[in-house]
Amino acid sequence: MRILVTEDNPGDLDIITQYIKKISKEIIIDSADSLKKAKKCLNKQHYDLIFLDLMLPDSQGFETVKEMKEAIDKSKNNKSCSVIILTGMRDYDIGKKAFSLGVQDFLTKDDIDSKTVSRTIHMSDYKQHLPKKKKMLWA
């Protein structure tokens, strides 16, 4: 599994990276501190999952999500890539809006811990490997 963490705060990046490393040493982690750099990564590499901060130096809010989803759709190797939103705001309306834009999950930075990151990664992996012909129970 390969994960791209798009986060401009070095402290937050370090925390998320450490939690991911606890899950498996086989996970490859790349990082980008701007949306522009994240898009470049998408053009060069396949990712299974992207953690995406909503407030980056070159893009803020849901425009960040829209641009990332467009970049994923245009990319040759990342059509099935899941996006997990990272936000410092504890507003669940943000989560609802993010889901409507096609993200898999959203995490508030104050509530992130190793169990939450592990659950998110495992659910993303599970979702990507579901047989396409079967209907999900909760859909």
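Trainee: Before we start, what should I know about the model and the numbering?
Mentor: The model is predicted, so local features need pLDDT of at least 70 and side-chain atom pairs count only at pLDDT 80 or more, while totals for chains, interfaces and linings use all residues. Residues are numbered from 1 along each chain as its sequence is written, and side-chain values use heavy atoms, with hydrogens and water left out.

Trainee: How many helices and strands does the protein have?
Mentor: There are 5 helices and 7 strands, taken as DSSP runs numbered from the N terminus (helices H or I, at least four residues; strands E, at least two). Along the sequence the pattern is β-α-β-α-β-β-β-α-β-α-β-α.

Trainee: What share of the residues counts as buried?
Mentor: 45% of the 139 residues. Buried means under 20% relative accessible area, exposed over 50%, and partly exposed in between (1.4 Å probe, protein chains only).

Trainee: Which residues touch the most other members of the largest nonpolar core?
Mentor: Ile-50, Leu-52, Met-68 and Ile-85, out of 22 residues. Such a core is a set of buried Ala, Val, Leu, Ile, Met, Phe, Trp, Tyr and Cys residues joined through side-chain atoms within 4.5 Å.

Trainee: And which elements give two or more residues to this core?
Mentor: Helices H2 (35-44), H3 (62-74) and H4 (92-100), with strands E3 (49-53) and E6 (82-87). Apart from this core lies another, of 15 residues, including Leu-13 and Leu-107.

Trainee: What is Met-68 in contact with?
Mentor: Leaving aside neighbours within four places in sequence, Met-68 contacts Thr-6, Leu-35, Ala-38, Leu-42, Ile-50, Leu-52 and Val-83. Contact means heavy atoms within 4.5 Å.

Trainee: Which residues of H3 are buried?
Mentor: Thr-64, Val-65, Met-68, Lys-69, Ala-71 and Ile-72. Seen down the axis of H3, these fall within an arc of 160 degrees, so they line one face of the helix; the arc is that of the directions from the helix axis to the C-beta atoms.

Trainee: What do they pack against?
Mentor: Strands E1 (2-6), E3, E4 (55-56), E5 (59-60) and E6, along with helix H2.

Trainee: Switching to Ile-23. Where does it lie?
Mentor: Ile-23 lies in helix H1, residues 10-23. Ile-23 is partly exposed, with a relative accessible area of 25%.

Trainee: What does Ile-23 touch?
Mentor: Val-117, Ser-118, Ile-121 and His-122, not counting residues up to four places away in sequence. Ile-23 and Val-117 are 94 residues apart in sequence and 8.7 Å apart in space, C-alpha to C-alpha.
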